[in-house]
Amino acid sequence: MKAVAYCRYSSDNQREESIEAQIRAIKEYADRNNIEIIKIYADEAKTATTDDRPQFLQMVKDSELGLFQAVIVHKLDRFARNRYDSAFYKRQLKKNGVKLISVLEPLDDSPESIILESVLEGMAEYYSKNLAREVMKGLKENAYKARFNGGIPPLGYDIKDGHYVINEKEAEAVRLIFQMYRDDYGYRHIIDELNLRGYKTKKGGNFSKNTLNAILKNQKYIGTYIFNKGTKNNHNITKDDVIIIENAIPAIIDKKTFEEVQQKMKNTKKTQGTHNAKTVYLLTGLVYCGECGAAMTGNLGRSKYRYYRCNVKDRSKQCSNKDISKDKLEAYILDQLQKKIFNDDVLPVLAKKLNNENKNIVAEREDERKILARRYEEIIKSINAIVDTIAAGHFHPSLDAKLTELENQKSEIEIRIKELDMKPDISIITEEMIREYLNKDKGVFVAGDLRKIKQILSTYINKITVFKDRVEAKFKIAVDNTVCEWSIAASGVEPPTLRV
């Protein structure tokens, strides 16, 4: 029987066996029971209370390939720490013809084993939840005393003997941020002023929009202590779990200023939401800064001037690239698409070219399949020859090592062949089908609905890079050259008018 090993070292219990020890125990078990281990999956320093275990999830996915019949773990709690996850993933494995084996908890399919397995899983889940409860109990006790509960304190505060105290130097920056925002200064102006005065974030970095937004919303600055409010990823917090104590820590901002700022932020968010609903930025996710490589996103200026701006420049002023007009850039890209793809003369030629490329891919896959099959036969012959040599009494340690190497190569080829089998069959695609697909998207392009055009652009555009003096657009498909350039400053030539 072929099997894979799954190991996990939990960072919340340093006394448990390391991954190396788990692997050693699993291999010894496999040797005793004539089981061949073809692959080892290991997650290190991860918790089993969530699915944040990439190797585990990859193992479950690989079980669909039919290359192994069992998953061996050192203990059942290495597999999952709650009964729901355990049952869910074991059901997936069972559906794929794979069973779960525990080295230290040998179980069969008898009623007694089913009960024992449930008890073992329940104990592991109890341990995990009880540990979390005990930790939370201590954190809550700290919170009732308005004591620091870990992490990094907000800008403007230091921690002394477990309590918040004001850091006057940093508090100056916090007061400046609130004052300027209340006086109608935008984030960019506030960041410029902070940089001019030499202020830094709590981590010693430059300020960004997100940093300012978090500071302006933080109720600690009016002396309110809040614990266990929850996050975007945790919606299970109840009102009884949240601890809020007013006037519990030294205030840096008065309540009147804080409330005025909160109201301004609400009004600004409503206004931005209205503008964003009316404006469609066609190239979002496709256009990048040529100076620093960051993404460029759509913005609306005070005079309703629409443009794309580098994200790094927008957040922290650390990029010197220029903004570029939304309308001009989009007009240029749409014009190039019309010339290179959605053109009555070009489209049939393009369909023929794509069909030929598709045939080449089909031929390459078939060639790879033949090479793999030939190599597989060679490995089988070599394995049989070594087995015959050992059976004849001519054993040498080097033969064992060579046999292991060949078995690994055999498993890798089997996986690759399975992957090829699971790929969609593209041999059925014809030139006529490609032409129909292109004509369908051309119809969207001609109709002029910007939201629908935005949905199809990623099919044809690979990347748009905006430099200080030019724009470079790379298309995924084109009859002639897939790269086109528009020299912004050098030529002085304006792009065509946006037609849709």
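How many aromatic pairs does the structure hold? The structure holds 14.

**Figure 1. The whole chain, a predicted model.** Residues are numbered from 1 along each chain as its sequence is written. The chain has 15 helices and 15 strands (DSSP runs: H or I of at least four residues for helices, E of at least two for strands). Of its 500 residues, 38% count as buried (under 20% relative accessible area, 1.4 Å probe, protein chains only).

**Figure 2. The pair Tyr181 and Tyr187.** Two rings of Phe, Tyr or Trp (its six-membered ring) pair if their centres lie within 6.5 Å; planes under 30 degrees apart count as stacked, over 60 as edge-to-face and the rest as tilted. Tyr181 and Tyr187 are tilted, with 5.9 Å centre to centre and 35° between the planes. Tyr181 counts as buried because its relative accessibility is 9%. Tyr187 is buried too, at 18%.

**Figure 3. An aromatic cluster.** Seven names make up one cluster: Phe148, Tyr157, Tyr164, Phe178, Tyr221, Tyr225 and Phe258.

**Figure 4. Lysines over tyrosine rings.** A charge sits over a ring if NZ of Lys or CZ of Arg is within 6 Å of the ring centre and within 35 degrees of the ring normal. Lys440 lies over the face of Tyr437, 4.9 Å from the ring centre. Lys463 lies over the face of Tyr288, at 5.2 Å from the ring centre.

Conventions. Predicted model: local features only at pLDDT ≥ 70, side-chain atom pairs only at ≥ 80, totals over all residues. Heavy atoms only, no water. Buried < 20%, exposed > 50% of the residue type's maximum accessible area, 1.4 Å probe, protein only.
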